[in-house]
Amino acid sequence: MADNILEKSNEIFLPGSPIKNRRYLVGREQEIYDLQRTLRQAGQHAIVIGDRGVGKTSLVKQVLADKEYNDVWRGCEPGLTFNLAFRDLLRYCGIDFRDSEEINETTVEGGIKGSVFVAEGSGKISEKHSEKHITSSLTDITSWDVFKALEKFSPKRFILVLDEYDAVHRSEYPHLFHRKVAYAMKHLADHNDKCDSRVVVVGVASTSAELLGKHESIQRSAREIYLRTLKREHILDFLETAENDIGIEFEFDVKMSLAYGSLGFPYYVHLVGLECVEAMVSRDRKAKKVTLSDFERANINAVEQAFRSQLSKYEAILYISDPNELAIINTLALIPDLHPKREALKKYVAELYPKILGAKYESALNKQTQEKRFLYMSRRNDEIRFLDPLMKPFLRDRILATNQYITIKVFSLIKETNKAISVDWHGNKIWLPKSQIKINKKYDNVFSIDVPGWIFRKNLLSIK
Ligand SMILES: Nc1ncnc2c1ncn2[C@@H]1O[C@H](COP(=O)(O)OP(=O)(O)OP(=O)(O)O)[C@@H](O)[C@H]1O
Ligand SMILES: [Mg+2]
């Protein structure tokens with residue numbers, strides 16, 4: 001029974017791997033429709049963007065799983081060139097490029113000699129076969145070459161997916177790469193009557209211009225599809241489906257903690273959700289209900305795992321950050337606002353860490369946003385967030401899982417009973433059990449309250 005539960009939950013909770021079964025892809029009806037519509041419209045390409053781990057690859061995979069599409073994928077990495085990326089993509093389509101003179105078909109437009117070799121039949125060609133030609137392909141292919149190569153296959157249409165496109169920013173000539181992609185889209189759009197293949201670019205960004213720069217042709221022939229974080233009700237839907245399919249139950253508070261604590265990132269829900277089931281089974285192999293204490297144990301493991309995998313590259317920055325910088329980082333993790341303005345964050349920091357004021361705050365913030373780039377400040381509206389937004393839910397859990405006390409400042413006690421008080425903290429009403437906290441009165445109506453981390457976290461989780 002327990003083995004069955006574990007097996008099933010490993011099929012449903014997939015931290016780090018895109019959704020395979022449409023049943024578990026929640027809250028994306030509109031975006032699925034938008035991508036399908038884009039691919040139906042003549043000559044339109046798609047740029048799928050959103051925060052890291054928000055579900056971009058899952059969405060594109062689900063849509064392209066439809067039989068009518070022939071999709072080929074190339075994940076990008078730092079240092080990748082347009083030439084390599086598109087040679088690979090075309091090779092997966094069954095088209096190989098050769099540069100030697102004897103090849104019969106030579107393209108003229110674009111100025112560079114490039115030639116097209118169409119592999120026998122269509123579809124995939126063998127690795128052995130492809131290697132033979134790739135070694136001789138030193139000349140850069142142009143955007144026009146890409147169009148001409150795909151045209152060879154018409155009316156068969158391919159969807160060329162460039163995933164993890166944000167990695168191109170760490171290539172030697174990212175602008176050249178972007179421009180060539182823009183032109184490939186343009187040629188395919190302009191000559192859609194001859195070839196209906198499309199390009200789908202997927203990457204972490206908040207606008208398509210941030211991902212690919214500003215190009216008129218992209219504005220005209222590509223549609224931007226932006227993925228927001230998931231809504232709480234969708235996460236609850238996902239958890240309900242998981243409960244039904246696995247044959248277990250999550251306590252109501254566990255579902256709420258997952259939905260609120262994730263801040264809408266499905267990766268969090270999958271990672272902590274899976275750990276919850278494991279924690280339940282290791283507590284009692286016959287158990288069928290995940291309790292809050294299973295969740296608490298699961299959460300500690302999940303946070304550790306996240307810092308070992310997705311967030312590992314930031315661990316080193318945390319080690320080399322000084323106490324003032326850490327104070328800003330911790331504050332940003334703890335507060336309810338996702339993207340506080342510079343001044344708002346300063347107020348929160350002054351409250352949680354009263355010694356970090358003025359120049360100390362500014363200098364620590366600069367180090368984090370400019371030197372270490374752990375934090376990101378948007379130029380347009382002065383908002384501050386973690387460079388990797390997944391940092392916030394996991395770091396918040398890591399800080400608050402400890403028995404450490406947090407000192408908050410409140411301006412009035414709203415209500416007091418024998419056992420608890422309720423206070424207004426930055427416009428959020430929170431309840432604190434008197435036996436667990438220490439209230440220090442400062443002046444009339446100003447209190448500083450020492451609250452254990454886990455109680456503070458419980459309150460944060462219920463803040464809208
Ligand atoms: N709509 C969804 N409903 C439920 N779970 C989802 C949904 N979308 C994605 N997931 C899950 O969230 C996690 C991240 O998904 P995915 O890899 O597709 O995101 P991504 O945006 O491509 O991430 P990255 O920026 O790292 O490439 C995976 O565990 C995936 O199974
Ligand atoms: Mg992805």
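This is a predicted model: local features need pLDDT of at least 70, side-chain atom pairs count only at pLDDT 80 or more; totals for chains, interfaces and linings use all residues.
Residues are numbered from 1 along each chain as its sequence is written, and chains are lettered from A and ligands numbered from 1 in the order in which they are written.

The protein has 19 helices and 17 strands, taken as DSSP runs (helices H or I, at least four residues; strands E, at least two) and numbered from the N terminus. Of its 464 residues, 39% count as buried; a residue is buried if 20 or more other C-beta atoms, placed from the backbone, lie within 10 Å of its own, exposed if 12 or fewer, and partly exposed in between. Among contacts between residues at least 6 apart in sequence, 71% join residues at least 24 apart, a contact being a pair of C-beta atoms, placed from the backbone, within 7 Å.

Ligand 1 is surrounded by 24 residues, the closest being Gly55, Lys56, Thr57, Ser58 and Pro266; this shell holds residues whose C-beta atom, placed from the backbone, lies within 6 Å of the molecule. Helices α3 (56-64) and α12 (266-283) are the elements that give two or more residues to the shell. Its composition is twelve nonpolar, nine polar and three charged residues, where Ala, Val, Leu, Ile, Met, Phe, Trp, Tyr, Cys and Pro count as nonpolar, Asp, Glu, Lys and Arg as charged, and the others, Gly among them, as polar. At least three residues come from each of domain 1 (2-15 + 230-308) and domain 2 (28-94 + 143-227), with bounds from an automatic or database domain assignment.

The axes of helices α15 (residues 323-334) and α16 (residues 342-352) come within 9 Å and cross at roughly 110 degrees. The two helices are therefore roughly perpendicular to each other (65 to 115 degrees). In their contact, Ala327, Ile328, Thr331 and Leu332 of α15 meet Leu345, Tyr348, Val349 and Leu352 of α16; seven of these residues are nonpolar, one is polar and none is charged. Leu326 also lies in α15 and is partly exposed, with 16 other C-beta atoms within 10 Å. Leu326 and Leu365, 39 residues apart in sequence, are 9.9 Å apart in space, C-alpha to C-alpha.

Helix α18 (residues 391-400) has nine of its ten residues buried, so this helix is largely enclosed by the rest of the structure. The buried residues include Met391, Pro393, Phe394, Arg396, Asp397 and Arg398.

Notes. Axes are lines fitted to C-alpha atoms, for helices over the stretch in contact, and angles run from 0 to 180 degrees between N-to-C directions. Angles under 35 degrees count as roughly parallel, over 145 as roughly antiparallel, 65 to 115 as roughly perpendicular and the rest as oblique. Two residues are in contact if their C-beta atoms, placed from the backbone, lie within 7 Å.
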